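Here is a walk through one structure for a reader who has not seen it before. Please keep the sequence and the 3D view at hand.

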Amino acid sequence: MENKRIYIFDTTLRDGEQVPGCQLNTVEKIQVAKALEELGVDVIEAGFPISSPGDFNSVVEISKAVTWPTICALSRAVQKDIDCAAESLKYAKHKRIHTGIGTSDSHIKYKFNSTREEIIERAVRAVTYARNLVDEVEFYAEDAGRTDNEFLARVVEAVIKAGATVVNIPDTTGYCLPAEYGAKIKYLVDHVDGIDKAIISTHCHNDLGMATANTMAGLLNGARQCEVTINGVGERAGNTALEEIAMILKCHSDVPLETNINTTKITPVSRMVSSLMNMPVQANKAIVGRNAFAHSSGIHQDGVLKEASTYEIINPKDVGIDDSSIILTARSGHAALKYRLEVLGIKMSDEKLDNFYQKFLKLADQKKSITDDDLLLLAGAEHAEEAHVKLDYLQVTSGRGLQPVASIGLDIAGEKFEAAAKGNGPVDAAINALKGIIKRHMTIKEFTIQNITKGSDDVGKVHMQVEHDGHVYFGFGADTDIVTASVEAYIDCINKFKKA
Ligand code: KIV
Ligand code: ZN
C-alpha cells in the first residue's frame, strides 16, 4: 500500500514566537523561514499580521523570501483581521489565510458572551469573506479539544460549505487524551458531509505532555496535516514538536504515512531556532536534546559498540548529527570553523568570518575546547554589537571577607560613561554600578544562571527578566565570567526598553 502524504504546517514563527522572551526580528524570522523551506515544510505560518506592524512586516518579507512553501497568516474571524492578513500575503507565491473562532461552550460563554448559532454564523461569514480574497482558507475551531463533537461537526460542515479548504481542530489547552483526540477526528471523518473536500489538521498543545501522542492519534484517524513547531516551542508548555512527528513517521514503516521533511536538516534547524530565540532545548528532549543519542550506562555503551541497533532506533546521521564532528580548539583554522558553523545552520560572508574567527580564538584561549553551544552563543552575541548600550569593561573585586566592589564602563550610542559601586555580592555590585549610569527604575523579576556543559572553564548563560515602566523585558547574556554574563543580560533588557 502506498504511503499517504502528511502536510507539515510549521507555526514556530507564530505560535512559537508568541512565547515571552522568544521574539525574533524580521531578519531572524526570514533566516528561520528559509531554513524551514530547506527542511521541507509544506506551510509556514509566518505571523498574526493585525497584532502589530512588526508582525505584518515579517509576513510581507517572508512572503518575498520564500519560494515553494505556502505562507499562512493568522486572523480572528473579523473582517479587518482578514483584510490585513490578505494584504500581508500579497507577495506570497502560495498563500493561505487562517481564520477562526472559539467553539467550546467555555469560549462561547466567557469569551464571546454568545450562542452556538451565532458562532456558526460568524465562522461562516469569516470563511466566505476570506475565500473572496484567497483560494486557500484554513478555519480553526479554537478549543476544539473541549468542544462537544456533535456541535464541532456542525461547525466544520458549515465552514467547508462556505469554502474552507483546511479545517484545524486545535486542542488549545492540551487537555485531550490521545484516544479521545483520535476519536474526535474520526467522528468528523464519519459525520461531516463534504469532509472529503477539506483537509483535516491537528494542532496540539503540550500542557499534559501529550501533544505528540495526540497529533499521532489525529493522523492515524484521518487528519492529513499537522501543526507543529521546531523544538516544540509554543504557548505555555508548547506545541507538538516537528522533529518528533517527522521521526516517528520515518522510523515506523508500519504506519503508512510520510512527510516531505529532509530529516538530516533537523539538528541544524533546531539549534538555529534555540539560539535565535534564546530558548535552551532540554538535555533529554526527544530527537534534538543534547543527550538524545548519548549512551552513558556501561551495558548500553557495550551494546552500541557491538551493534548500534541494539539501543539506537534512530541513526544520528538521519537527524543531521555528524558524529565525526571536529572538536574545535585554539589551533583550529578558518575552514574547520566555517564547516562547523555551516553544520549549525550559520552562514557567514568571508569578511564576517574573519571577524568572528578572532572572537572564536579569544574564547578558545579561555576554554580548552569549543562546543557547538559555545559557537551558537558567540554567534548570538554578534547582535549585541549593534546595540544602543554596550558593555565596554567590567572589573569586580570580591571574595571572603571583602565587600564586593565593581567598576563599569558603558558605551551609550558612542558616548563613554563610567561608574563604581558596592553590593552584597559581585553581581549586585556590578548592577549597582550600571544603575549609577542608567538611572531608570528597574527591578529584576527573574534571574537564572546555567552552564552549558560541565567544567569550571565553561560558558555561563544568564536569562533575566527586568520590570521597567509596567513592562517585563527578557534579556540574555553569555560569557565565561558569570558576572559579565549577568550584566550583559541586564543590558540586553535595557536595549529592549525603547522598542516595546
Ligand atoms: O491553540 C490554538 O487554538 C491556536 C489557534 C489560534 C490556531 O493557536
Ligand atoms: Zn496554538
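Ile408 has Ala419, in β13, as its bridge partner. This model is predicted.

Around ligand 1 are Arg14, Asp15, His98, Tyr140, Glu142, Asn168, Pro170, Thr172, His203 and His205. By class, the shell holds five polar, three charged and two nonpolar residues. Three elements each give at least two residues to this shell: α1 (12–16), β6 (136–142) and β7 (166–171).

Which side chains have a polar atom at a listed distance from an oxygen atom of ligand 1? For Thr172, an N or O atom of the side chain is 2.7 Å from an oxygen atom of the ligand. Arg14 places a polar side-chain atom 2.9 Å from an oxygen atom of ligand 1. In His203, a side-chain N or O atom is 3.1 Å from a ligand oxygen atom. Ligand 1 exposes 260 Å² when taken alone, and the protein buries 93% of that area.

Conventions:
Residues numbered from 1 in each chain as written. Chains lettered and ligands numbered in written order. Predicted model: local features only at pLDDT ≥ 70, side-chain atom pairs only at ≥ 80, totals over all residues. Heavy atoms only, no water. Near = heavy atom within 4 Å. Polar contact = N/O pair within 3.5 Å; in protein donor to acceptor, adjacent residues only side chain to side chain. Areas by Shrake-Rupley, 256 points an atom, 1.4 Å probe, with all protein chains shown as cover. Helix = DSSP H or I, 4+ residues; strand = E, 2+ residues; numbered from the N terminus. Nonpolar A, V, L, I, M, F, W, Y, C, P; charged D, E, K, R; others polar. Pairing = 2+ DSSP bridges.
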